[in-house]
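Work through the exercises below with the model in view. Each task is followed by a solution in steps.

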Amino acid sequence: MDYIEGTIERVVFYSPDTGYTVCRFSITEGQSLTIVGTFPPLSPGEILRIKGKWELNPRFGKQFKVENFIPILPSSVKGIEKFLSSGLVKGVGPALARRIVKRFGDQTMDILSKSPGKMKEVEGVGPVKLKEIKKSWAEHEDIRELIIFLQEHNISTNLATKIYQQYGEKSFFILKTNPYQACHDIWGIGFKTADQIALKLGMSPSSPERIKAYIRYLLEKDNEKGHVFSLQGDLEENCKKDLEIVEEKEIRLALETLKKQKLIIAEDIESNTAIYLPFFYDAQEEVVRSIHKLSSFPFLTPSFDVDKAILDVEEDLNLRFSPAQKQAIKESFFKKMLVITGGPGTGKTTIIKAIVDIFHKWGRKVLLAAPTGRAAKRLSEATKKEAKTIHRTLEYTPKLGTFRRGENHPLVGDALIIDEFSMVDLPLMYNLLKAVPQWMRLIFVGDKDQLPSVGPGNLLRDIIESQRVEIVRLDEIFRQEKDSLIVHNAHRVNQGKSLVYPKKEDKSSDFYFIHHEDEQKVFKTIINLCSFNIPKKLNIAPLSPKIQ
């Protein structure tokens with residue numbers, strides 16, 4: 001589609017955070033349309049050439065979604081006056097705009113760009129007003145030229161707006177000297193986009209800035225995969241392969257420069273070197289320090305008979321705890337920090353309920369938390385007490401990306417129990433421990449054999465292997481779970497034993513093994529199971545078998 005030229009009539013909506021804008025846009029006398037897209041701040045009277053596509057909004061009807069635009073300076077005297085009157089140029093209102101256009105006519109734009117001092121010839125423009133006009137006009141020209149400059153290099157106006165919002169008048173300087181800075185400063189601009197800009201601007205493929213940016217990109221990608229650090233050998237190999245850089249010394253030099261700039265941290269481990277982004281190294285060290293500090297701080301122990309309290313809970317719940325379960329409950333009152341780990345069906349949730357009940361009878365406040373909303377809801381239902389996600393417990397503020405709870409505003413309570421702890425990653429643990437007061441007990445409950453957290457780190461495994469925290473292991477499967485082949489086989493896998501299969505005539509089993517080696521057969525079988533077999537058995541709504 002060709003560009004459409006028109007004038008901004010009015011701005012209906014503008015978000016300073018994202019640049020998302022809704023405008024009425026006049027294309028001819030008496031004909032206008034609604035346009036939406038990401039823009040820098042716009043003002044009525046601005047002339048744009050826009051390109052995009054029509055879309056039908058269920059609430060607001062037909063509107064034009066702008067994908068690219070070019071700001072155009074007006075050329076007619078009438079257009080110039082309307083443009084200056086729009087408020088885009090600070091300090092110029094309708095009356096002053098008329099006087100300026102009357103004095104300079106169709107040369108007004110050239111005067112503003114090349115000889116703004118001549119504006120003093122116009123009545124009402126003194127030194128203060130002139131300074132305001134010059135500053136405002138320069139800002140407008142910067143964003144206009146930036147958008148045109150980047151579009152010449154096939155960079156969208158969406159990204160151009162983000163770049164200008166971040167760097168302002170320094171945008172050109174940063175893009176021409178080190179465009180890779182944008183991928184570290186601006187959300188939504190990754191290495192590949194910055195690399196595209198850099199190479200189109202003529203930066204050498206073997207530029208030190210490019211190598212440094214790619215190393216940091218690789219570190220971020222490894223963090224996304226759940227790794228806290230990357231091995232230097234792997235980074236060097238990937239740089240050589242992906243950037244086609246033959247000289248290993250250039251990569252080593254880039255690594256050394258990043259270390260000196262404190263943009264990465266290196267730590268020798270066995271026969272290799274671990275490379276961290278600074279946050280993850282600092283978070284790891286702080287978590288270790290906090291665990292040592294919290295576990296050694298004095299704490300109160302109950303004066304009542306805990307064994308008797310456990311017997312009372314057994315009576316209340318009409319069950320009998322195993323020796324390992326009793327140990328887990330008891331240790332919760334005599335250890336400052338405790339890990340309770342066990343596979344499915346070992347009664348971890350029942351133990352949490354018992355611990356909470358005894359703390360309640362002791363008159364102590366217990367906080368319950370879990371990494372996800374579903375886990376928190378399950379915990380709340382099992383204990384009949386309030387349980388929150390860890391983010392809600394720490395009072396996370398999404399807009400700021402920060403937690404209200406921390407060293408200066410710690411959590412309030414005597415004990416904190418975290419369920420499904422295997423899902424907690426390093427950044428969350430770092431923020432959690434900052435909010436825990438020294439006197440608070442910490443009890444982590446989870447299955448060490450579950451898949452680790454999606455984010456960086458494997459906290460539960462590392463804490464267990466450190467042997468710095470008391471561990472209680474649960475390995476007995478209880479009556480209500482013994483008939484489940486899923487639970488049974490989960491434990492057999494952990495013990496290195498072969499799977500147990502249901503009998504052919506058993507239609508009530510929760511575990512089946514379907515043998516296929518062909519990828520297409522595996523794919524079709526999974527589709528059929530999710531779309532038909534499982535929904536029919538569980539009486540739930542099926543997934544659509546159509547794969548887009």
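**Exercise 1.** Find which charged end sits over the ring of Trp-362, and at what distance from its centre.

Solution. A charge sits over a ring if NZ of Lys or CZ of Arg is within 6 Å of the ring centre and within 35 degrees of the ring normal. The charged end of Arg-364 meets this rule, 4.7 Å from the centre of the Trp-362 ring. Lys-62 likewise lies over the face of Trp-54, at 4.6 Å from the ring centre.

The model is predicted: local features need pLDDT of at least 70, side-chain atom pairs count only at pLDDT 80 or more, and totals for chains, interfaces and linings use all residues. Residues are numbered from 1 along each chain as its sequence is written, and side-chain values use heavy atoms, with hydrogens and water left out.

**Exercise 2.** Classify the pair of Trp-54 and Phe-64, and state whether each residue is buried or exposed or in between.

Solution. Step one is the rule: rings of Phe, Tyr and Trp (its six-membered ring) pair if their centres lie within 6.5 Å; planes under 30 degrees apart count as stacked, over 60 as edge-to-face and the rest as tilted. Trp-54 and Phe-64 are 5.3 Å apart centre to centre with 80° between the planes, hence edge-to-face. Trp-54, at 41%, counts as partly exposed.

Notes: Buried means under 20% relative accessible area, exposed over 50%, partly exposed in between (1.4 Å probe, protein chains only).
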